[in-house]
Every structure is written in C-alpha cells, then in structure tokens.
Amino acid sequence: MKQNIAILDFGTSKITVLIGSRGINNSICVEGIGVCEYTGFSGGKWLDAEHLSAAVVQAVSSAESSARVHADKLYVGVPNDFSMCKVNDVSISLNKKRKVTEQDVAALCDSGNKYNDDPDWTVINIQAIYYTLDDDRKLVEPVGLTSTKLGGSISYMLARKDFTELVDAAVNSAGVFETEYVSSSLAEMLFLFDDYKRDNCVMLADVGALGTALTIGRGDGLCRQYYFSWGGARITSALSEALEITPREAERLKRKVILSLEPEYVPPEGGEPIVMQTEYEVELDNDIRTYDVAEVNVIVRLEIERFARYIEKALKSCDYDYPEFTPLSITGGGLNYIRGAAEYLSECLNREVNAVQPSLPMLDRPQLSSALGLLDMVLTSELPSGGGLIERFRRWLSKR
C-alpha cells in the first residue's frame, strides 16, 4: 500500500502544499497540490504574521481536497531566512583499528552537535560534507572501512524556534497536529543535483518573487547559506515605474522578455537581411499594447546587474573554500521565466550560470524545485525502521 506524505513549502509570495507518494522506478506521484498567495517574508520577518494561519489553512485544505485524503502530519520546509547553517570539523577515536559502523557515524555527528540546549534555535538536519579516516583522505562513505579514528566535516542545519512555534500554531488551525521541520535549501540541493556534482561542490540560487536563497553545498550537506531581498518582483516594479504601467501589465510584459534580442543589429554588407523583433506585444483586457524591445531590455538588464551585485557581495563574504569556478545554478520562479537571463547573469558575474528545474514530467517547473525537493527528501527517508527524520535520512544517505 502506497504511503502519502504531505509537505508544506514557504515561498516568498506563495505557500505550497504537496501530498504525494513514490511511484514506479522511484518516481514521485503528486496526488494533491494546494497553493495560496500570501504577503510572505523578508529580512527574517513575516510581512503579515496575523494572516499566516489563514493562508496555511487554505493551502492545506486545497491539497487535501485534490488528493481526497486528510494530512495527519506535515513536513515543513524552513527557508534560509529562518534557518542557520553551522559546519563543524569533528573526530572521534575508535579505540582500536576496526571497521567503521553506522553507530560510529551517528556518534561522530552527535559529538559536534552543540545546539540541543540553544534557547532560540533547534536542529533540523545533520548531514556530512565529507568524512576522514587515519590517512586524512576525504570520503563520502566510511562505513565498512578500517581505521582507528573517524573524522569529518559535518553540517548542522538549525531553525529559529519562533518560526517553528508560529508555523505549528498555523498548521494546528488546519487540523494537522504533527509536524517535522526540514531545511528547504538542503532538500532542494539533494533533489536537483546528483552525487557526482554535489561531491565536487554546487552553488544554487533559488530566486523567488521577493527574495533569493543562495546556498553552497558539498557532499550531502550545506556549507554556507545566504538570503537577500532581491526577487523577480524587482523587475516587475522597475518596468512598472519606468514605463508608467500597472504592476499587472508589467508582470505580463516581463514574461515576454527575450534578452538576446538585438533590434539595432545591422547585418554585414552583402549578408542576408534579417527581420528583427522591435516590439513586445502584451494582451490585456482584450487590448494589444506594444513596448520597445530595446527600452524594455535595458530596464531588465539593469535589474539583473543589481542582482549580480548581491551575489558577488555574498560570495565575497563567504569564508568557505569552494572551487573558484563552481557554476551558479538558478531555479525558482523569479528569474527563470526571462529568456536569456541566465546568459546575461553569467556575463555580469564572469561565471558559468545555468538554469535548473525538476526533471519530472508535468512538474518540470522551476517554482516547484523547493516543494518537490522536500517531498522527495521525506519520501526517501520514510523507512519502516522508525526514528526521527534526521536519523532516517542519515541512514539512507549512508547507502548512496
């Protein structure tokens, strides 16, 4: 009998609830989906905390109705804005030369966990970036190898307790009384990148409407994470102000943009004539409105340049020694709809930039990367052996 799992994902402008199960060939079957727009968060603060419960209730109710099941438990993704990443280098003695066991790995991870008594933070995920043995080689999996000691670089993901308390109250209002919390960025990284890419280091920017979560990950853990208040709504606002149009019209125009268009391009003498697009057409209320391609593209490029400066500032402050030429991957619904955005961002950063999204039929939308990552992570760790999500998922990763 298949087991349905329910997850709740907080975007900067939408709450998404998915109810799903494992399908054939390890696929994901989404049985129900509920989405509710809300005012969101920025700078670690809810923009309208009083109406959070109503938005959660609506999203949960919509997902339950479409799945025709009641969610007894919700796995909740914690955004970067309400979480913290700590990486500790730890080691333990095995007392004698012997094979490393799963219990040794658990003991190593526990030895670096200094946060259980923190009044403001709670541990939600513990993952290894790498392990080491006697010879100090960096390993992905130490179980079964022989050594006298076990060490490693361990990533601890923490969630703010005021976040979990407020969300617990909101979820209870939806008739769900059991929750478990997971790092959204960690789940997304494990979902979007295969083992090989993660072992070499990955860099991911999830661009939402109001903000961007930037993470650097390696192995099975996050190394550093950042959040800044730049999202796709900045482009919408810039178009609205510069062209003196409504935000609704600006949003539709934004989705028409192709940054690779060069309306002033002149072909070489004797070359074939080229018909260039010089205007964007937007249909609004049965009326077709046109906008100059060159003017619109300049506005969009200026905002992407501003976004690039946020990225550069975050990477400049990063004290983690990641490979210099690590590509930047972008996902989320804030930027990926603009054709040519990744290429232009690459020029601004002088770094390879590529767009990533879920590789699932009918669900290959970048705005679902975080929610599907959460669902995949929880479905993967739902083992019959019981225990908390941290322990279950750690046991699964040890088998990769």
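# Working chat: a walk through the predicted model

Modeller: H51 lies in the loop between β5 (45-46) and α1. Keep in mind that this is a predicted model.

Biologist: OK. Which side chain does H51 make a polar contact with?

Modeller: The side chain of D48. The contact is 2.8 Å.

Biologist: And how many Å separate H51 from S83?

Modeller: The separation is 22 Å, C-alpha to C-alpha. In sequence, H51 and S83 are 32 residues apart.

Biologist: What about H51 and K316, how far apart are their C-alpha atoms?

Modeller: They are separated by 37 Å. Along the chain, K316 and H51 are 265 residues apart.

Biologist: Where is K316 found?

Modeller: In helix α8. K316 counts as exposed, because its relative accessibility is 76% and the cut-off for exposed is over 50%.

Biologist: R301 next. Which helix is that in?

Modeller: Helix α8, residues 293-317.

Biologist: Is R301 buried or exposed?

Modeller: Buried, because its relative accessibility is 17% and buried means under 20%.

Biologist: What does R301 contact, leaving aside its neighbours within four places in sequence?

Modeller: R301 is in contact with L259, L261, E262 and Y344.

Biologist: Let's zoom out. How many helices and strands does the protein chain have?

Modeller: Eleven helices and 18 strands. The radius of gyration is 23 Å, close to the 21 Å that the globule rule gives for 400 residues, so the chain is as compact as a globular protein of that length.

Biologist: What box do the C-alpha atoms fill?

Modeller: Roughly 80 × 50 × 40 Å, taken along the principal axes.

Biologist: What share of the residues is buried?

Modeller: Buried residues make up 52% of the 400.

Biologist: Contacts, then. Of those between residues at least 6 apart in sequence, what share joins residues at least 24 apart?

Modeller: The share is 68%. Take I330 and A205 as a pair to look at. They are 125 residues apart in sequence and 4.8 Å apart in space, C-alpha to C-alpha.

Biologist: Where does I330 sit?

Modeller: In strand β17, residues 328-331. I330 counts as buried, at 1% relative accessibility.

Biologist: Switch to strand β13. What can you tell me about T212?

Modeller: T212 is found in strand β13, residues 212-218. T212 counts as buried, at 0% relative accessibility. A polar atom of the T212 side chain lies 2.7 Å from the backbone oxygen of W230.

Biologist: Which residues does T212 touch, not counting those up to four places away in sequence?

Modeller: T212 touches A205, D206, V207, Y226, Y227, F228, W230 and F307.

Biologist: And L214, buried or exposed?

Modeller: L214 is buried, with a relative accessible area of 0%. L214 is found in strand β13. Among the residues L214 touches, beyond four places in sequence, are N80, M203, A205, Y226, I311 and L328.

Biologist: How far is L214 from G152?

Modeller: Their C-alpha atoms are separated by 24 Å. The two are 62 residues apart along the chain.

Biologist: Last topic, backbone angles. What is the phi of R68?

Modeller: R68 has a positive phi of about 60 degrees, although it is not a glycine. R68 is found in the loop between α1 (52-67) and β6 (74-78). R68 is exposed, with a relative accessible area of 77%.

Biologist: And D136, what is its phi?

Modeller: D136 has a positive phi of about 65 degrees, and it is not a glycine. D136 lies in the loop between β8 (121-132) and β9 (138-139).

Biologist: Is D136 buried or exposed?

Modeller: Exposed, with a relative accessible area of 51%.

Technical notes:
Residues are numbered from 1 along each chain as its sequence is written. This is a predicted model: local features need pLDDT of at least 70, side-chain atom pairs count only at pLDDT 80 or more; totals for chains, interfaces and linings use all residues. Side-chain values use heavy atoms; hydrogens and water are left out. Helices (H or I, at least four residues) and strands (E, at least two) are DSSP runs, numbered from the N terminus. The radius of gyration is taken over C-alpha atoms; the globule rule is 2.2 Å times the number of residues to the power 0.38. Buried means under 20% relative accessible area, exposed over 50%, partly exposed in between (1.4 Å probe, protein chains only). Contact means heavy atoms within 4.5 Å. A polar contact is a pair of N or O atoms within 3.5 Å; within protein, one must be able to donate a hydrogen and the other to accept it, and residues adjacent in sequence count only if both atoms are side-chain atoms.
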